[in-house]
Amino acid sequence: MSVSAVDATATRRDADDERFQAAMLQDVSRTFALTIPELPRALRAVVGNGYLLCRIVDTIEDDPDLSSAQKRRFCTFFAHVVARRADPREFARSLDAVLAPGVPPAERLLVRETERVIAIGDTFTATQRKALETCVAVMADGMAEFQERKDPAGLPTLADMDRYCYHVAGVVGEMLTRLFCEYSPEMRRHEDRLMALAVSFGQTLQMTNILKDIWEDHGRGACWLPRDVFARHGFALADLDRGPDDEGFGRGLGELIDVARAHARGALEYVLLIPPEEAGLRNFCLWALGMAVLTLRKIDRRRNFSSGQDVKITRRSVKATVAVSRLSAGHNRLLRLLFALLAGAPRPLPRGV
């Protein structure tokens with residue numbers, strides 16, 4: 001086969017892989033399907049692949065029929081698959097056989113396609129593969145640990161909630177930062193600062209999801225809220241059934257909203273360290289941050305909500321976030337002003353938070 005024929009075959013394979021990942025992302029996460037195309041072309045495939053790997057771990061964590069021991073086994077198995085120390089076909093067959101009937105078809109298909117997702121990663125640089133491998137290993141171990149500790153009465157402390165958010169989302173922020181810094185020499189100059197802020201970015205997004213999904217999680221027998229925060233306001237999470245109208249519950253919720261907003265300010269500083277000319281990178285981050293801040297604002301205004309649908313932002317808000325981000329992405333002062341308008345003035349946090 002000639003060199004040109006080899007190149008043409010590789011190009012077709014890359015295009016097929018790109019279409020496959022785009023289709024899978026559209027089915028398992030419309031948010032990431034929306035934001036990943038904003039990235040520079042050099043980053044789209046690896047970031048999309050990283051998200052699909054994380055989604056497989058999420059599928060294990062979310063399965064209602066798997067025991068904590070099974071979740072630990074499959075999380076460890078998958079981490080070994082990503083590290084190329086275990087067979088992806090055997091992993092896919094074993095997990096697919098025990099997934100709950102209610103697992104969404106797109107997630108089941110993603111599990112069945114594990115071998116292809118892993119094979120796409122073989123085309124990445126050593127640094128990119130290591131970033132994905134590290135992320136999955138830390139996430140899988142942490143998710144397994146917290147499934148073993150799952151308690152309908154919540155987590156003991158805010159520090160425990162912080163650790164949970166790190167394993168579920170902060171580590172994804174670290175992965176993205178490693179990928180961004182390999183891509184951008186300018187960002188690499190600020191890598192230590194970016195890595196620290198990446199955890200705050202991840203915590204913002206995950207705390208927002210936890211607060212939005214309180215009642216759906218409660219219906220599944222899970223609660224990721226910290227008991228110590230609510231106890232300070234005279235509410236016991238063991239009595240979550242008598243929320244959401246309890247005043248103590250509302251005050252505890254408000255404290256967590258303030259914590260999430262404090263992390264969101266760190267997330268904004270992360271964005272401002274991205275070179276202004278990298279509009280795609282900035283938009284990728286700003287869209288996620290903007291939607292989180294709008295959701296927190298909605299939760300704060302309706303603390304007695306009883307379903308995530310009650311505080312879900314509208315499609316109109318999503319479109320507005322996209323439009324405003326495109327116009328303001330390169331202007332730091334404008335971004336700070338917009339953030340202040342949306343997030344509001346910071347309220348003092350309790351001592352020790």
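## The second largest pocket

Helices H1 (3-28), H2 (30-35) and H3 (41-62) each contribute at least two residues to the lining of the second largest pocket. The model is predicted. Of these helices, H1 gives the most to the lining of this pocket, at 8 residues. The space in the second largest pocket comes to about 530 Å³.

The lining of this pocket counts 22 residues. Asp14, Glu18, Gln21, Arg44 and Ala45 are the ones nearest the pocket centre. By class, the lining holds 12 nonpolar residues, 5 polar and 5 charged.

## Enclosed cavities

How many cavities of 30 Å³ or more does the structure hold? There are 2. The largest cavity has a volume of about 60 Å³. Its lining is made up of Asn49, Leu53, Val82, Arg84, Val117, Ile118, Gly121, Phe124, Arg129 and Leu132. H3, helix H7 (114-121) and helix H8 (126-149) are the elements that give two or more residues to the lining of the largest cavity. H7 gives the most, with 3 residues. The lining of the largest cavity splits into 6 nonpolar, 2 polar and 2 charged residues.

The second largest cavity holds about 30 Å³ of space. Ile210, Ile214, Asp217, Ala222, Cys223, Trp224, Leu225 and Leu240 line the second largest cavity. Its lining has 7 nonpolar residues, no polar residues and 1 charged residue.

## Salt bridges around Arg55

Side chains of opposite charge can pair when their charged atoms come close. The structure holds 29 salt bridges. One of them joins the side chains of Asp58 and Arg55, at 3.8 Å from N to O. What separates Asp58 and Arg55 along helix H3? They are 3 residues apart in H3, so about one helical turn lies between them. Both Asp58 and Arg55 are buried.

Arg55 also meets Glu107 in a salt bridge, at 3.5 Å from N to O. This pair links distant parts of the chain. Glu107 sits in helix H6 (residues 105-112), Arg55 in helix H3, and 52 residues separate them. Is Glu107 buried or exposed? Glu107 has a relative accessible area of 13%, so it is buried; the cut-off for buried is under 20%. Arg55 also counts as buried, because its relative accessibility is 10%.

Arg227 forms a salt bridge with Asp151. The closest N and O atoms of this pair are 3.8 Å apart. This pair too links distant parts of the chain. Arg227 lies in helix H13 (residues 227-231). Asp151 lies in the loop between H8 and helix H9 (158-183). The two are 76 residues apart.

Arg227 counts as partly exposed, because its relative accessibility is 30%. Asp151, at 29% relative accessibility, therefore counts as partly exposed. Elsewhere, salt bridges that share partners join Arg55, Asp58, Asp62 and Glu107 into one network.

## Helix H16 and Val318

Val318 is found in helix H16 (residues 315-328). With a relative accessible area of 21%, Val318 is partly exposed. How far apart are Val318 and Asp58 in sequence and in space? They are 260 residues apart in sequence. In space, 24 Å separates the two, C-alpha to C-alpha.

## A nonpolar surface patch

Which residues form a nonpolar patch on the surface? They are Leu334, Leu337 and Leu341. Together they have about 280 Å² of accessible area.

Leu337 lies in helix H17 (residues 332-343). The relative accessible area of Leu337 is 48%, so Leu337 is partly exposed. Patch residues need over 30% relative accessible area.

Notes:
Residues are numbered from 1 along each chain as its sequence is written. This is a predicted model: local features need pLDDT of at least 70, side-chain atom pairs count only at pLDDT 80 or more; totals for chains, interfaces and linings use all residues. Side-chain values use heavy atoms; hydrogens and water are left out. On a 1 Å grid over the protein atoms alone, a cavity is a set of points where a 1.4 Å probe fits but cannot get out, and a pocket is an open set with protein on both sides within 12 Å along at least five of seven lines; lining residues have an atom within 4 Å of a point. Grid points are joined across faces, edges and corners, and a volume is the space filled by probe spheres set on the points. Helices (H or I, at least four residues) and strands (E, at least two) are DSSP runs, numbered from the N terminus. Ala, Val, Leu, Ile, Met, Phe, Trp, Tyr, Cys and Pro count as nonpolar, Asp, Glu, Lys and Arg as charged, and the others, Gly among them, as polar. Patches are made of residues with over 30% relative accessible area and no salt bridge: like charges are joined within 9 Å, nonpolar side chains (Val, Leu, Ile, Met, Phe, Trp, Tyr) within 5 Å. Accessible areas come from the Shrake-Rupley method with a 1.4 Å probe; for residues, only the protein chains shown count as cover. A salt bridge is a side-chain nitrogen of Lys or Arg within 4 Å of a carboxyl oxygen of Asp or Glu. Buried means under 20% relative accessible area, exposed over 50%, partly exposed in between (1.4 Å probe, protein chains only).
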